[in-house]
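Here is a short walk through one protein model. Keep the sequence and the coordinates open as you read.

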Amino acid sequence: MGAFSSKVPWRKVPWGNNEDDLQYVKDYKPAKRNIKHLRVLLYGPVGAGKSSFINSVNIIMQRRNAIPAAASAITSDKSFTKKYQTHRIQIGRGDNKKFYPFVFNDIMGVENGMDSGVCPEDIKLAMKGHVKEGYKFNPVAPLSEGDQYYKNKPSEDDKVHVLVCVLSANAPEIKDSVLQKMSSVRETAADLGIPQMAIITNIDTACPETEKDLKNVYRSTYMQDKMKKFSSAIGIPLNCMFPVKNYSYETRLKDDVDTLIISALRPMIDFGDDFIENIVEQNVEEVNQGIEDEGR
């Protein structure tokens, strides 16, 4: 564990040079004006670090310690997140407070067994924008039409624009039932055309060399092999997978932690914005086609 393939990293990142990428994220605006924000949905096995990733992005963007999403510091086989909640990243303070035009949705973890964890159908409904804020996940029964938390006519803002699978590098092998649930979710996302990527958390505790220095992450054959196994298991290509270390014990910002998270956040925004542009163009084409058909 923690072996090196060579002194040449298998992926290059601009360590400590975060200003350009950070500014890129700060300057982002959705491709289409009628869409107010890009929506990122995080899903994955219980305890993978979904809420912690949201917290880490918030810390980096605000340049200070801030905790918007409740996260557990205790390892457990049961999900800490129980409700569907949208997390916005704040700009400024007081009367000048605004929010960045991208939001994160955190959901209950995918757990082993048929009657535990989030129902795959609920994740699918969330992707389509049918789940209202505050919905409490029921492991044995998904949300249904007629429920007070079911949104009948979701707007483009309610829908998910990029789906992110969150996995922990130091977790045991993913159970078959969990993989089956995640595969079902991925198939629906593919049918909807929603772009997909993965974040690999806890890289510092998974590999001694990475724990010693985060810059070793792309030199470690252990991490490379781990990501290849994840890629094979969940079907997401390596170039859409990003290892990160979430903020946990730190009380001050660290450049190397920021570098990895920003290097995942930027393509996340790019993928989602491409989807926003494509889906809006498709809607315009459908409207134009309808007008042409009526005129015939």
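Which helix gives the largest share of the lining of the second largest pocket? In this predicted model, that helix is α7, spanning residues 221–234. Helix α7 supplies four residues of the lining.

Stay with this pocket for a moment. Its volume is about 200 Å³. The lining includes Ala-171, Pro-172, Glu-173, Ile-174 and Leu-179. Lys-226, Lys-229, Phe-230 and Ala-233 line the pocket too. Sorted by class, six of the lining residues are nonpolar and three are charged. No polar residue takes part.

Now step back to the whole chain. It holds eight helices and six strands. Their order along the sequence is α-β-α-β-β-α-β-α-β-α-α-α-β-α. The chain has 296 residues, and 50% of them are buried. Take the contacts between residues at least 6 apart in sequence: 72% of these join residues at least 24 apart. The accessible surface comes to about 15,100 Å². Carbon and sulfur atoms account for 47% of that surface.

Finally, look at the cysteines. A disulfide is a covalent bond between the sulfur atoms of two cysteines. How many disulfides does the chain have? The count is zero, with a cut-off of 2.5 Å between cysteine sulfur atoms. Cys-119 has a relative accessible area of 9%, and Cys-240 has 14%. Buried means under 20%, so Cys-119 counts as buried, and so does Cys-240.

Key:
Residues numbered from 1 in each chain as written. Predicted model: local features only at pLDDT ≥ 70, side-chain atom pairs only at ≥ 80, totals over all residues. Heavy atoms only, no water. Helix = DSSP H or I, 4+ residues; strand = E, 2+ residues; numbered from the N terminus. Buried < 20%, exposed > 50% of the residue type's maximum accessible area, 1.4 Å probe, protein only. Contact = heavy atoms within 4.5 Å. Areas by Shrake-Rupley, 256 points an atom, 1.4 Å probe, with all protein chains shown as cover. 1 Å grid on protein atoms, 1.4 Å probe; cavity = no way out; pocket = protein on both sides within 12 Å on 5 of 7 lines; lining within 4 Å. Points joined across faces, edges and corners; volume = space filled by probe spheres on them. Nonpolar A, V, L, I, M, F, W, Y, C, P; charged D, E, K, R; others polar.
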